[in-house]
Amino acid sequence: MAEPRPVTLRELLHAVKQSLDERFELPVWVSAEISELKVNYSGHCYLELVEKGGENGVPTAQARAMIWNSAYPRIAARFETETGRALEPGLRILAKALVTYHEIYGFALQITDIDPSHTLGDMELQRQETVRRLQDDGVWEMNRQLAAPAGIQRIAVVSSAQAAGYRDFCKELEKSPYRFRLTLFDAFVQGAEAENSVIDALCRIAERQEEFDAVALIRGGGSASDLNCFNAYRLSSYVAQFPLPVLTGIGHDKDTSVADLVAFASLKTPTAVAGWLDERAGQLHTDLETAALRLAEFTRSRTHAAALELERMLGDLRRLAAERLAREKMRMDQLTDRPASAARELLAHERMRLDNAADIAAAHAPERLLKLGFALLRSGDRALTSAREVRRGDEVEIRLADGTLTATVNDTKIWQKKS
């Protein structure tokens, strides 16, 4: 069997070109991510498109693409108008492209149009995925459940120092009659570096969290794609789990990012955040004034009640004092009268006792006894009371009621007491 005729490289590549031209005669819609983009001096735009697969994001397909200068201004302007974001690496696009193949330059896609709605839809899908992951992680409510101080005055601000939204925020607070202490943590709030920059600012604040009452994460309005970093999972997770209340003022009324949804309080603009802080301080001021009025009223009421109670107690004290004084006076009068009465009683008793003693003395007077027939014997200077005191032959004096006798003792008899 004869071997097939070998073909030249040019013939082979030409055959490939013809096959692709026949297979892809009309443009096709291709979904891919821009990995590189460059507009050269002539106005042509050259791109590198990739399709990533797996969790590590390694490309599973890659192709060159170009947009000629005749179409690029129109396509780029429409895309930016509808998405609010310029074509740039990292965006997923749906491109209408012609499949081309060149024997020298190889395979490429010639883009003739880009559907902006596909990019916006992809961003919304990413946003919904972020919400789902945060809810599955159990951190969705964490920041909203924090207890904020009644008066938030020490505020860590995450914003770009050059952003108009930051200046508006500061100017609005300057109008407030209340004093706020602001500390700026400068960060990119849009672009490819925004997510990492904001997370870095939050980490720096967390290291000094005891110095602040809350965090204000602010930036001015922008397109949906400009604000897309605030839908990113990592940034939203940091906000949800942040140890201080986070106040967000991101974009305009139509924009609600995932960071807004997990924050302690979500306001639409930086100016609205400043107004919220001023209103909260004003409410605290009003509450304090109301409390002061209530305290003053309560104090007056209690003072009046205490004065009435004191007056009643003073009245009771006067009455009790008067009663006690009367009782004490009566007792003193009694005590004063008692010695005199006791003295009188004592004198009467002693007089009676003396009278009795006098009667007894009178009843036992020697003269009376002598009149009754008794006699008083004396021997010398002493009165005789016993027969043993004299002997026979002693001379004794006998005293009678009407005179005395002198006698000589002839005999003595001693009477023995019967036992």
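**Reading the core, the strands and the pocket**

Analyst: In the largest nonpolar core, which has 32 residues, those that touch the most other members are V158, I205, V215, L217, F230 and V239. The elements that give two or more residues to this core are helix 3 (116-137), strand 6 (154-159), helix 5 (194-206), strand 8 (214-219), helix 6 (233-240), strand 9 (246-250) and helix 7 (258-262), and the largest share, six residues, comes from helix 5. Please keep in mind that this is a predicted model.

User: Which residues is I205 in contact with, leaving aside its neighbours within four places in sequence?

Analyst: In soluble globular proteins, nonpolar side chains tend to be buried together. Here, once those sequence neighbours are set aside, I205 is in contact with A156, V158, F185, F212, V215, F242 and L244.

User: In which sense do strand 6 and strand 7 pair, parallel or antiparallel?

Analyst: Strand 6 pairs with strand 7 (residues 181-186) in the parallel sense, over six bridges, and S159 has D186 of strand 7 as its bridge partner. Together with helix 4 (residues 164-174), these two strands make a right-handed β-α-β unit.

User: Which residues lie closest to the centre of the largest pocket?

Analyst: The largest pocket holds about 970 Å³ of space, and of its 29 lining residues the closest to the centre are E33, G90, Q126, E195 and N228. Strand 2 (45-53), helix 3, helix 5 and helix 6 each give two or more residues to the lining, with the largest share, seven residues, coming from helix 3.

Definitions and conventions:
Residues numbered from 1 in each chain as written. Predicted model: local features only at pLDDT ≥ 70, side-chain atom pairs only at ≥ 80, totals over all residues. Heavy atoms only, no water. Core = buried A, V, L, I, M, F, W, Y, C linked by side-chain atoms within 4.5 Å. Buried < 20%, exposed > 50% of the residue type's maximum accessible area, 1.4 Å probe, protein only. Helix = DSSP H or I, 4+ residues; strand = E, 2+ residues; numbered from the N terminus. Contact = heavy atoms within 4.5 Å. Pairing = 2+ DSSP bridges. Right-handed = clockwise from strand over helix to strand, strands pointing away. 1 Å grid on protein atoms, 1.4 Å probe; cavity = no way out; pocket = protein on both sides within 12 Å on 5 of 7 lines; lining within 4 Å. Points joined across faces, edges and corners; volume = space filled by probe spheres on them.
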